[in-house]
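Here is a short note for a colleague who is opening this structure for the first time. The points can be read in order, with the structure alongside.

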Amino acid sequence: MVLKNERTEVKLAALLLKDGKAETIAEGIAKVLDEYNLWNAIKMIVADTTSVNTGKKSGVVVKLQQVF
C-alpha cells in the first residue's frame with residue numbers, strides 16, 4: 001500500500017494474504033488503514049479493473065466503502 005500526494009510517496013505495507021478473494025484483500029487493507037488511522041484521509045482508490053477489485057456487489061472497493 002502506498003500513500004501519495006503531489007510531493008511525497010510513502011510505502012506503508014506489502015500485504016501477505018492467504019488468498020486473492022475480495023474479503024481477504026479488503027481486510028488486509030482495512031488493517032493497514034486502521035493501524036495508521038487513515039480512513040478519513042482517503043480521497044481515491046486506484047486498482048486494476050479485475051472483478052475482484054471493482055465488482056459492483058462484492059469487490060474490494062465496495063467492501064472498503066461498507067467498512068467506512
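1. **Starting point: Thr-24.** The model is a predicted one. Begin at Thr-24, which sits in helix α1. Is Thr-24 buried or exposed? Its relative accessibility is 12%, so Thr-24 counts as buried, since the cut-off for buried is under 20%. Setting aside residues up to four places away in sequence, Thr-24 touches Leu-17, Lys-18 and Asp-19.

2. **Helix α1 as a whole.** Helix α1 runs over residues 22-35 and has 14 residues. From first C-alpha to last, α1 reaches 20 Å. That is close to the 20 Å expected at 1.5 Å a residue.

3. **The buried residues of α1.** Which residues of α1 are buried? They are Ala-22, Thr-24, Ile-25, Ala-26, Gly-28, Ile-29, Ala-30, Val-32 and Leu-33. Their cover includes two other helices, α2 (51-54) and α3 (60-67).

4. **How α1 meets α3.** The two helices pack at an angle of about 50 degrees. Their axes are 9 Å apart. Roughly parallel would need an angle under 35 degrees, and roughly perpendicular one of 65 to 115. α1 and α3 are therefore oblique to each other. Their crossing is right-handed.

5. **Residues at the α1 and α3 contact.** On the α1 side are Ala-22, Glu-23, Ile-25, Ala-26, Ile-29 and Ala-30. On the α3 side they meet Val-60, Lys-63 and Leu-64. By class, this contact has 7 nonpolar residues, no polar ones and 2 charged ones.

6. **Helix α3 and its buried residues.** Four names belong here: Val-60, Val-62, Lys-63 and Leu-64 are buried in α3. What covers the buried residues of α3 includes α1 and α2. The cover of the buried residues of α1, in turn, includes α3.

7. **Lys-63, a residue to check.** Lys-63 is part of helix α3. Why does Lys-63 count as buried? Its relative accessibility is 19%, and buried means under 20%. Neighbours within four places in sequence aside, Lys-63 is in contact with Ala-22, Glu-23, Ala-26 and Ser-58. Among them, Ala-22, Glu-23 and Ala-26 are α1 residues that take part in the meeting with α3.

8. Where is Trp-39? Trp-39 lies in the loop between α1 and α2. At 12% relative accessibility, this tryptophan counts as buried. Leaving out residues up to four places away in sequence, Trp-39 touches Ala-30, Leu-33, Asp-34, Leu-64, Val-67 and Phe-68. One of these, Leu-64, is itself buried in α3. Trp-39 and Gly-55 are 16 residues apart along the chain, and their C-alpha atoms are separated by 21 Å.

9. **Asn-37, in that loop.** Asn-37 is found in the loop between α1 and α2. Its position is just after α1. Asn-37 has a positive phi of about 55 degrees although it is not a glycine. Is Asn-37 buried or exposed? Asn-37 is exposed, with a relative accessible area of 67%.

10. **Asn-53, in α2.** Asn-53 belongs to helix α2. At 13% relative accessibility, Asn-53 counts as buried. Apart from neighbours within four places in sequence, Asn-53 is in contact with Ala-47, Asp-48, Gly-59, Val-60 and Val-61. Among them, Val-60 is one of the α3 residues that meet α1.

11. Met-1 lies in the segment before β1 (2-4). Its relative accessible area is 29%, so Met-1 is partly exposed. Neighbours within four places in sequence aside, Met-1 is in contact with Val-10, Lys-11, Leu-12, Ala-13, Ile-29, Val-32 and Leu-33. Among them, Ile-29, Val-32 and Leu-33 are buried residues of α1. Met-1 and Thr-49 are 48 residues apart in sequence, and C-alpha to C-alpha they are 17 Å apart in space.

Key
Residues numbered from 1 in each chain as written. Predicted model: local features only at pLDDT ≥ 70, side-chain atom pairs only at ≥ 80, totals over all residues. Heavy atoms only, no water. Expected span 1.5 Å × (residues − 1). Buried < 20%, exposed > 50% of the residue type's maximum accessible area, 1.4 Å probe, protein only. Contact = heavy atoms within 4.5 Å. Axes fitted to C-alpha atoms, helices over the stretch in contact; angles between N-to-C directions. Parallel < 35°, antiparallel > 145°, perpendicular 65-115°, else oblique. Left-handed = near helix turned anticlockwise from the far one by under 90°. Nonpolar A, V, L, I, M, F, W, Y, C, P; charged D, E, K, R; others polar.
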